[in-house]
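Reader: Hey, could you walk me through this one? I'm new to looking at structures.

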Amino acid sequence: MEKAMIRMRMSMHDAHYGGNLVDGAKMLQLFGDVATELLIRQDGDEGLFAGYDKVEFKAPVFAGDYIEAVGEIVHVGNSSRKMVFEARKVIIPRPDINESACDVLEEPIVVCRAEGTCVVPKDKQRK
């Protein structure tokens with residue numbers, strides 16, 4: 001089925017806790033954006049996120065990290081769309097080297113996984 005991906009750098013604005021730790025809710029915000037793209041591709045409408053069935057935070061995310069969030073529709077009902085998501089850390093800052101050094105990770109680090117359901121009302125489905 002259709003897949004979508006978004007990649008973005010976590011900023012100091014995203015840091016919510018000591019040590020520049022990013023709030024886990026930021027990963028859910030990224031999943032929401034991925035879900036919106038998936039629904040537009042599937043139905044021609046942004047739809048609505050009904051809820052998450054499962055969310056697992058696997059590793060911390062810090063300001064300066066690049067996060068890649070991917071999602072896929074795994075089941076299509078009459079108006080519901082079941083989706084799975086994964087967020088991975090792909091680039092990390094290296095302040096131990098200097099203030100602008102970063103490393104691309106050889107193996108991305110999974111920071112969050114989730115499953116959820118979105119709904120596109122029948123009268124808004126265009127495909």
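This is a predicted model: local features need pLDDT of at least 70, side-chain atom pairs count only at pLDDT 80 or more; totals for chains, interfaces and linings use all residues.

Reader: Okay, what's the span 24-87 made of?

Author: The span is 30% helix and 45% strand, and its end C-alpha atoms lie 11 Å apart. Helices (H or I, at least four residues) and strands (E, at least two) are DSSP runs, numbered from the N terminus.

Reader: Which residues have the most contacts inside the largest nonpolar core?

Author: M27, I67 and M83, in a core of 22 residues. A nonpolar core is a set of buried Ala, Val, Leu, Ile, Met, Phe, Trp, Tyr and Cys residues joined through side-chain atoms within 4.5 Å. Buried means under 20% relative accessible area, exposed over 50%, partly exposed in between (1.4 Å probe, protein chains only). Helix 1 gives the most to this core, with seven residues.

Reader: New topic. How many aromatic pairs are there?

Author: A search of the whole structure finds four. Rings of Phe, Tyr and Trp (its six-membered ring) pair if their centres lie within 6.5 Å; planes under 30 degrees apart count as stacked, over 60 as edge-to-face and the rest as tilted. F31 and F85 are a stacked pair, 5.0 Å centre to centre with 20 degrees between the planes.

Reader: Why does that pair tie together parts that are apart in sequence?

Author: F31 lies in helix 1 (residues 25-43) and F85 in strand 6, so the pair joins parts 54 residues apart in sequence.

Reader: Is F31 buried or exposed?

Author: F31 is buried, at 0% relative accessible area, and F85 is buried too, at 4%. Ring pairs also link F31, F49, Y52 and F85 into a cluster.

Reader: And what lines the largest pocket?

Author: The lining includes K3, E56, F85 and R113. By class, it has four nonpolar, one polar and seven charged residues. (Ala, Val, Leu, Ile, Met, Phe, Trp, Tyr, Cys and Pro count as nonpolar, Asp, Glu, Lys and Arg as charged, and the others, Gly among them, as polar.) On a 1 Å grid over the protein atoms alone, a pocket is an open set of points where a 1.4 Å probe fits, with protein on both sides within 12 Å along at least five of seven lines; lining residues have an atom within 4 Å of a point.

Methods: Residues are numbered from 1 along each chain as its sequence is written. Side-chain values use heavy atoms; hydrogens and water are left out.
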